[in-house]
Amino acid sequence: EKLCLIPDAIGLSLFAIVGTQVALDWNMPWLTASLLGVLTAVLGGLLRDVMINEVPLVFSSELYATAAWFGSITLIVLDAVGVHATVAAWMGILVCIMVRLMAIRWKVTLPRFKH
């Protein structure tokens with residue numbers, strides 16, 4: 001089961017970066033572009049999990065949307081400082097994958113509401 005989390009992290013990062021890049025190409029503000037990238041990535045994983053009748057990873061797992069957001073922000077910052085678009089995209093992908101895999105490895109989650 002853990003082995004399937006690696007391709008999931010790769011897919012998450014690819015969708016986050018592509019969604020962010022498309023929003024930037026449409027001249028969206030940086031915050032809008034990053035949120036659209038995160039939505040693209042998270043909703044893809046959510047649909048996949050719903051279609052296979054599983055609890056979506058975004059609700060039950062380590063950092064998921066946060067990892068996508070870190071990747072999107074990396075792309076936006078590198079693009080803003082003039083780094084070539086391809087290099088910025090690859091760096092965003094790597095950051096997203098690394099944040100997701102480190103969160104899985106060390107079981108890092110966001111705080112949860114308790115009664």
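Is Cys 96 buried or exposed, and what is its relative accessible area? Let's work through this and two more exercises together.

This is a predicted model, where local features need pLDDT of at least 70, side-chain atom pairs count only at pLDDT 80 or more, and totals for chains, interfaces and linings use all residues. Residues are numbered from 1 along each chain as its sequence is written, and side-chain values use heavy atoms, leaving out hydrogens and water.

**Exercise 1.** Classify Cys 96 and Cys 4 by accessibility.

*Solution.* Start with the cut-offs: buried is under 20% relative accessible area, exposed over 50%, and partly exposed in between (1.4 Å probe, protein chains only). Cys 96 has 0%, so Cys 96 is buried. Cys 4 has 57%, so Cys 4 counts as exposed.

**Exercise 2.** Find how many disulfides the structure holds, and explain the result for Cys 4.

*Solution.* A disulfide is a pair of cysteine sulfur atoms within 2.5 Å. For Cys 4, the closest cysteine sulfur belongs to Cys 96 and is 18 Å away, which is too far for a bond. The count of disulfides is zero.

**Exercise 3.** Describe the largest nonpolar core and the contacts of Ala 41.

*Solution.* First, a nonpolar core is a set of buried Ala, Val, Leu, Ile, Met, Phe, Trp, Tyr and Cys residues joined through side-chain atoms within 4.5 Å. The largest one has 15 residues, and Ala 41 and Tyr 64 are among those with the most contacts inside it. Next, take contact as heavy atoms within 4.5 Å. Beyond its neighbours within four places in sequence, Ala 41 touches Leu 12, Phe 15, Ala 16 and Ala 68.
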